[in-house]
Amino acid sequence: MSTGRGFLSYAHEDWAAAERLFRDLESRGFRAWFDRRDFRAEEDVDAQVLNAIRESYFFLILVSPTSVSKDGYVRKEVKLVLNMIRGLGLERSFIIPVRLGDCRIRPDEVAGLGHYIDMFPNWSEGVSRVEALLPINTALPDIEGASPQFVQAGLADPQLLGQKALALKDRYAISVFFDNCFRRLQDLDSELVSRKIESIRDNVKDFVASVELHFVWKCGTKDDATRCHKCGAMGAIIHGTIDIGGYSQSDYNDNYFVWCTNCYWAYHDFEIDYQGTGPLKFDYATNTYA
């Protein structure tokens, strides 16, 4: 089963129930952006939340007697989602309201939806009902028929991107795939475009090369000691060098590449003549080889 990532929104007073639901869904193969696991202290809070929502296939909002009686950050998250629904023409099922206790849901929390899922009195039954509404098989099999949000969310997921790269197998086919995706996204309002999509557009050749070398040629691993100089994320950089044939006998490695799984900044170079000096050293200050 292939699943796309969603977003889990909740009041911080309900963190224990949110974590329980997150773990239960994860055990069933579903993924969600959960601040207690995915939040990066080095990045701006609003930017992280906005990008995570833009890159989601579903939005789970947990409501409780506590959350409906207060104003908090969850209100801001809901407003972001409602703007996405209006701008992208998303189906209302994108929002899945979940009640943790007996309470009256605020109309602005469910965008006018008249239904919700109760996690009480039977938690396991509630999890199964949530699972039934979550999308599966989101590996972008049909680009031409996919919605802009579906395309954006798929491209923003490194796991699904890797599956597509392996299926396509070469740089040219991967480039065509991205070109088709961008055609689907060309009418998307700039305010709704994910940071990752913008990064790909800014340097598509480098990103395509990095995707091919990492996923197809199995080169490079994520380096926990790195800090992305573009977005500031710690440990999100993948880098590597690989010899896949060259024109000069003095070539030590023909390709080296760097990319960030958090923001998709990428850099690639090839046919570097080492002149017998051995492999280049990775510069952790600039995320490049020197």
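**Questions and answers on a predicted model**

Of the 290 residues of the chain in this predicted model, 51% count as buried.

User: How many helices and strands does the chain have?

Analyst: The elements in this predicted model are numbered from the N terminus. Counted in this way, the chain has 10 helices and 11 strands.

User: What share of the contacts with a separation of 6 or more is made by residues 24 or more positions apart?

Analyst: A contact requires heavy atoms within 4.5 Å. Among the contacts in the chain with a separation of 6 or more, the share that joins residues 24 or more positions apart is 64%.

User: Which strands stand at the edges of the open sheet of five strands, and why is one side of each left without a neighbour?

Analyst: The five strands of this open sheet pair in the parallel sense, in the order 2-1-3-4-5.

User: Which residue of strand 3 is the bridge partner of L8?

Analyst: Strand 1 covers residues 5-9, and strand 3 covers residues 59-63. These two strands pair in the parallel sense over three bridges. In strand 3, the bridge partner of L8 is L60.

User: Which residue of strand 2 stands opposite R5?

Analyst: Strand 1 also pairs with strand 2, in the parallel sense and over three bridges. The residue of strand 2 that stands opposite R5 is R31.

User: How many of the five residues of strand 1 are buried?

Analyst: A residue counts as buried when its relative accessible area is under 20%. Strand 1 is largely enclosed by the rest of the structure, because the number of its five residues that are buried is four.

User: How much space lies in the largest pocket, and which residues are the closest to its centre?

Analyst: The space in the largest pocket is about 600 Å³. The pocket is lined by 24 residues. Those closest to its centre are R5, D38, K196, T261 and N262.

User: Which element gives the largest share of the lining of the largest pocket?

Analyst: Two or more lining residues come from each of strand 2, helix 2 (35-38), helix 3 (45-54), helix 7 (158-168) and helix 9 (195-202). The largest share is four residues, and the element that gives it is helix 3.

User: How many disulfides does the count come to?

Analyst: A disulfide requires two cysteine sulfur atoms within 2.5 Å. The cysteine sulfur closest to that of C228 belongs to C260 and is 3.7 Å away, too far for a bond. C231 is likewise in no disulfide, as the nearest cysteine sulfur, that of C263, is 3.7 Å away. The count of disulfides comes to zero.

User: Are C228 and C231 buried or exposed?

Analyst: The relative accessible area is 1% for C228 and 15% for C231. Because buried means under 20%, C228 is buried, and C231 is also buried.

User: Which residues does F178 touch, apart from those up to four places away in sequence?

Analyst: F178 is found in helix 8 (residues 171-185), and at 1% relative accessibility it counts as buried. Its C-alpha atom is separated by 8.3 Å from that of V204, 26 residues apart along the chain. When residues up to four places away are left out, F178 touches L155, L161, I200, F207 and V208.

User: Is the peptide bond from F120 to P121 cis or trans?

Analyst: P121 lies in the loop between strand 5 and helix 5 (123-133). Omega of the peptide bond from F120 to P121 is near 0°, and the bond is cis.

User: Is K169 buried or exposed?

Analyst: K169 lies in the loop between helix 7 and helix 8. Phi of this residue is near 80°, a positive value in a residue other than glycine. At 58% relative accessibility, K169 counts as exposed.

User: Is Y264 buried or exposed?

Analyst: Y264 is found in the loop between strand 8 (255-260) and strand 9 (266-270). It has a positive phi of about 70°, although it is not a glycine. With a relative accessible area of 1%, Y264 is buried.

Note on methods:
Residues are numbered from 1 along each chain as its sequence is written. This is a predicted model: local features need pLDDT of at least 70, side-chain atom pairs count only at pLDDT 80 or more; totals for chains, interfaces and linings use all residues. Side-chain values use heavy atoms; hydrogens and water are left out. Two strands pair if DSSP finds at least two bridges between them. On a 1 Å grid over the protein atoms alone, a cavity is a set of points where a 1.4 Å probe fits but cannot get out, and a pocket is an open set with protein on both sides within 12 Å along at least five of seven lines; lining residues have an atom within 4 Å of a point. Grid points are joined across faces, edges and corners, and a volume is the space filled by probe spheres set on the points. Buried means under 20% relative accessible area, exposed over 50%, partly exposed in between (1.4 Å probe, protein chains only).
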